[in-house]
Amino acid sequence: MTIIKNPKQTEWDAILKRPSQHIDTLNDVVHEVFKAVQNEGDIALKHYTKKYDGVAIDDIRVSKTEIEAAENAISPELKKAILKAKSNIESFHKAQKTRRVDVQTQIGVRCWQEKRPIESVGLYIPGGTAPLFSTVLMLAIPAQIAGCNSIVLCTPPNISGTIANEILFTAALCGVTQIYKVGGIQAIAGMTYGTATIPKVNKLFGPGNQYVTAAKQAATKFGVAIDMPAGPSELLVVADASATPSFVASDLLSQAEHGVDSQVVLVSTDLSLLEAVSNEVQTQTQSLNRKGIIEKALENMKLIFCSDQNTAADLINFYGPEHYIISTSDNTFYIDQVRNAGSVFIGDYTPESAGDYASGTNHTLPTNGYAKAYSGVNLDSFLKSITFQEITKDGLLDLGPSIELMAEAEGLMAHKNAVSIRLKSIKNES
């Protein structure tokens with residue numbers, strides 16, 4: 001693997017370019033599927049499930065019998081592990097609850113803010129080569145804590161037309177109210193428009209490939225909100241001579257195995273560490289079950305040498321990684337410099353896998369540089385902040401003239417009149 005040494009800032013954009021497909025191709029396919037689902041509903045969902053997933057589904061709805069069978073098929077050991085993860089994720093997300101903000105901005109003028117749950121949410125759970133039941137935990141738990149009335153889950157079926165037992169068990173455990181065997185663009189379209197079977201939702205959540213990401217962005221044109229743009233997974237590690245090469249390599253490979261379009265980046269101020277990790281990556285890859293996927297993803301891997309910490313920190317913030325591991329002799333420096341990142345993992349014994357599964361933080365994070373503007377999924381993602389205000393007669397007597405002057409200056413005389421008519425009424429009472 002080639003090590004890129006001290007790249008100029010003008011070269012960072014090209015060097016750190018994410019792997020992607022041509023946007024026109026993506027949007028053409030999304031438009032086709034959306035239009036079909038809008039016009040044909042469940043028929044279109046089944047058509048595209050057969051086309052893209054290779055399986056014919058008679059009933060896309062998961063039955064109670066299927067859920068019960070899935071629960072019986074899960075080993076006690078895995079159930080225990082899922083329950084431990086659930087407990088940690090619940091603890092962290094419950095701690096994110098905030099009190100009502102209530103302020104008297106002046107005498108007679110009271111303003112407050114309350115949070116209310118989004119009524120109906122749609123959770124997209126990737127399936128395919130890795131059915132991500134951990135994502136069910138990450139999305140359904142905060143939705144349940146927030147108090148969402150309807151929690152709809154869509155996930156692609158496997159070639160036998162079923163859903164992974166782990167997904168069904170976890171979904172039932174976390175309060176998902178409806179589960180459907182449909183994935184990809186067609187799932188997003190189904191939850192966007194609603195069909196005879198799948199209800200329309202208010203907000204969509206969940207990661208996916210570039211097609212799913214494009215579909216979620218298309219959904220926003222039809223009155224459905226989304227959590228964030230979340231596409232192929234990515235990881236950046238900053239490490240120096242103090243890091244353990246085998247640890248670093250294992251973290252890079254843990255992300256590379258997500259898919260052929262995943263990207264992993266290693267930044268270091270030590271050339272020997274870069275070389276050692278490169279060798280470890282090659283060695284560890286040989287024994288992994290997803291070797292073919294990993295080797296393809298590693299074509300997008302970047303090994304970057306920066307001669308000083310400040311340049312390294314600037315380059316990392318320029319990239320804005322989804323997952324960011326800090327493994328150096330001066331972790332505090334890099335922590336203090338973080339401006340753009342989805343989730344940060346600190347020290348030799350904090351593998352990114354912990355956040356993916358069971359430490360408590362959420363693994364649904366912004367990718368493709370969107371960490372510069374978006375947060376990862378959290379409890380507030382499932383809530384709306386609504387403001388309230390109440391003004392007394394005395395409050396309006398004092399504040400009203402300011403409102404009148406401002407409205408008149410903007411030429412909005414009806415706005416002014418809404419105040420003036422009240423002020424006149426109050427003055428006539430006295």
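In this predicted model, helix α16 passes helix α17 in a left-handed crossing. The axes of α16, which covers residues 393–409, and of α17, which covers residues 413–429, come within 9 Å of each other and cross at roughly 150°. Angles over 145 degrees count as roughly antiparallel, and α16 and α17 are therefore roughly antiparallel to each other.

On the α16 side, the residues that make this contact include Leu 396, Leu 397, Gly 400, Ile 403 and Glu 404, while on the α17 side they include Lys 416, Val 419, Ser 420, Leu 423 and Ile 426. When the residues of the contact of α16 with α17 are sorted by class, they divide into 9 nonpolar, 3 polar and 7 charged.

A second pair of helices is arranged at another angle: helix α4 (residues 64–73) and helix α7 (residues 165–173) pack at about 105°, with their axes 8 Å apart. Because angles of 65 to 115 degrees count as roughly perpendicular, α4 and α7 are described as roughly perpendicular to each other. From α4, the contact is made by Glu 66, Ile 67, Ala 70, Glu 71 and Ala 73, and from α7 by Asn 165, Leu 168, Phe 169 and Ala 172. The residues of the contact of α4 with α7 divide into 6 nonpolar, 1 polar and 2 charged.

The last stop is a space inside the protein. How many cavities of 30 Å³ or more are counted? The count comes to 1 cavity, and the largest cavity has a volume of about 60 Å³. Helix α10 (245–256) and strand β12 (323–327) each supply at least two residues of its lining, and α10 gives the most, with 3 residues. Among the residues that line the largest cavity are Phe 247, Val 248 and Asp 251, together with Ile 325, Ser 327, Asp 348 and Pro 351. By class, the lining of the largest cavity has 4 nonpolar, 4 polar and 2 charged residues.

Key
Residues numbered from 1 in each chain as written. Predicted model: local features only at pLDDT ≥ 70, side-chain atom pairs only at ≥ 80, totals over all residues. Heavy atoms only, no water. 1 Å grid on protein atoms, 1.4 Å probe; cavity = no way out; pocket = protein on both sides within 12 Å on 5 of 7 lines; lining within 4 Å. Points joined across faces, edges and corners; volume = space filled by probe spheres on them. Helix = DSSP H or I, 4+ residues; strand = E, 2+ residues; numbered from the N terminus. Nonpolar A, V, L, I, M, F, W, Y, C, P; charged D, E, K, R; others polar. Axes fitted to C-alpha atoms, helices over the stretch in contact; angles between N-to-C directions. Parallel < 35°, antiparallel > 145°, perpendicular 65-115°, else oblique. Left-handed = near helix turned anticlockwise from the far one by under 90°. Contact = heavy atoms within 4.5 Å.
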